[in-house]
Amino acid sequence: MSEQEKQYDEEGRVIRANRSEEKRQREEIKTFVQELLTLPSGQYGLLPITETLQAALIEGKRLQGNAFKRHLNYLTRLLDEHDVEAVRHAHEHINHPFLNDGAKMQRIQREIERLAENDPEIVGELFARYADPDLQHIRQLTREMQKHREEQAKLEPEQRDRKPGKHQRQLQKYLQTLPLNEYYQD
């Protein structure tokens, strides 16, 4: 500890760091890193972490034994340099247990149907519900979904696809992954 980093109490004694507390915090971060290693590699881009940490997490997936233990300590140091709470919050959003909740899925299906019907109020509701929706992307997927539906309507009933079209599935996935607005109450 350098002279500039030392802190003193009111009696002039140096305040020393609680090493046991620091070790507990590092163990919590290490446990969280192990959770991050279970994520699919494609989801690391959704977390507020640097490319260096993303690459190190991907590298950690292939290691075993002592190399894995050393790399885990390295990952813990890297993550400690980040805002761990922000990363934890983003991780909880990505892996929320109710991501595929039935009520949420029904709400998203209703939103998709309203988008397909060109409901003028749905855009305002999307901006109220979601933190940062990409309206241009939503409109593009909606137009493509509407084209697909029109093409399907021209076909004979036995020739129609029973599954939703590609663009409808993309729109549904996009709406599922959007973070909710922090002020929105469902």
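Select His93, in helix 4. Helices here are DSSP runs of H or I, at least four residues, numbered from the N terminus. The model is predicted: local features need pLDDT of at least 70, side-chain atom pairs count only at pLDDT 80 or more, and totals for chains, interfaces and linings use all residues. Residues are numbered from 1 along each chain as its sequence is written, and side-chain values use heavy atoms, with hydrogens and water left out.

The scale is relative accessible area: buried is under 20%, exposed is over 50%, and partly exposed is in between (1.4 Å probe, protein chains only).

His93 and Leu180 are 87 residues apart in sequence, yet their C-alpha atoms are 9.3 Å apart in space. Beyond its neighbours within four places in sequence, His93 is in contact with Thr177, Leu178, Pro179 and Leu180. Contact means heavy atoms within 4.5 Å.

Next, select Leu36, Leu47, Leu57 and Leu79. In the largest nonpolar core, of 20 residues, these four touch the most other members. A nonpolar core is a set of buried Ala, Val, Leu, Ile, Met, Phe, Trp, Tyr and Cys residues joined through side-chain atoms within 4.5 Å. At least two residues of this core come from each of helix 1 (19–36), helix 2 (51–60), helix 3 (65–80) and helix 4 (84–94). Centre on Leu36. Not counting residues up to four places away in sequence, Leu36 touches Tyr44, Leu47, Leu57, Leu79, Val87 and His91. Another core, of 16 residues, lies apart from the largest one; among its members are Ala116, Leu126, Leu141 and Leu171.

Move to helix 7 (residues 135–154) and helix 8 (residues 166–177). Their axes come within 8 Å and cross at roughly 150 degrees. Helix 7 is therefore roughly antiparallel to helix 8, a term for angles over 145 degrees. Axes are lines fitted to C-alpha atoms over the stretch in contact, and angles run from 0 to 180 degrees between N-to-C directions.

Show the side chains. Helix 7 contributes His137, Ile138, Leu141, Thr142, Glu144, Met145 and Arg149 to the contact, and helix 8 contributes His167, Gln168, Gln170, Leu171, Tyr174 and Leu175.

Last stop: Gln152, also in helix 7. Gln152 counts as buried because its relative accessibility is 14%.

Methods:
Angles under 35 degrees count as roughly parallel, over 145 as roughly antiparallel, 65 to 115 as roughly perpendicular and the rest as oblique.
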